[in-house]
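Morning, everyone. Let me put the structure up.

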Amino acid sequence: MRVGFGYDSHRFEEGRKLFLGGIEIPYEKGLKGHSDADVLIHAIIDALLGAAALGDIGSHFPDTDEKWRGADSTKLLEAVVAEVRDAGWRIGNVDATIICERPKLLPHIPAIRSRLAEILFPDEVDGVSRVSVKGKTNEKMDDVGAGEGIEVHAITLLDNL
Ligand code: MG
């Protein structure tokens, strides 16, 4: 078995849509980034790549490459899930914590988990039971606590196929 950890953060920017786990979240701002800036998916990608020792999101999808401008992060996650599987690994579970003051995430967690389960566990009837997404604030501390962005920490377990 292998464990992998991933972290990502993005700053809010006016005039962009907010995506978390492949779901568009209604909010006054989105996240700044080269791709769609789906910070949750980016952290999960790094957890998966880390567990399989396959590098990181920056080496796979460089933000200097025009090919990834505005990229749909769900497509990046699909590619990484396939790469991890091709390397001989089966994903056991994914657990993530999203940290932000606003927006309130609780109403969106079920949709986020379902969407992630479709990508991470396409062949499993109850894949959603293997995907945990938790939301919390930073208790007003630091820039995230001032509502300037979102941070995500994610962990995954891989098992031999
Ligand atoms: Mg990112």
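How many salt bridges does a search of the whole structure find? Nine. Keep in mind that this is a predicted model.

Start with R102 and E28. Their side chains meet in a salt bridge, 3.7 Å from N to O. Where do they sit? R102 is in the loop between β5 (89–99) and α4 (109–120). E28 is in the loop between β3 (23–25) and β4 (29–31). So this pair ties together parts that are 74 residues apart in sequence. R102 is partly exposed, at 46% relative accessibility.

Next, E124 and R90. Here, too, the side chains form a salt bridge, with 3.7 Å from N to O. This pair links distant parts of the chain, 34 residues apart. E124 lies in the loop between α4 and β6 (131–136), and R90 lies in strand β5. E124 is partly exposed, with a relative accessible area of 29%. R90 is partly exposed as well, at 31%.

K140 sits in the loop between β6 and α5 (142–145). E101 sits in the loop between β5 and α4. That is another link between distant parts of the chain, 39 residues apart. Now, is E101 buried or exposed? Buried, at 11% relative accessibility. K140, by contrast, is exposed, at 67%.

Last, the network. Which residues does it join? R11, D143 and E148, through salt bridges that share partners.

That's my tour. Over to you.

Key
Residues numbered from 1 in each chain as written. Predicted model: local features only at pLDDT ≥ 70, side-chain atom pairs only at ≥ 80, totals over all residues. Heavy atoms only, no water. Salt bridge = Lys/Arg side-chain N within 4 Å of Asp/Glu carboxyl O. Helix = DSSP H or I, 4+ residues; strand = E, 2+ residues; numbered from the N terminus. Buried < 20%, exposed > 50% of the residue type's maximum accessible area, 1.4 Å probe, protein only.
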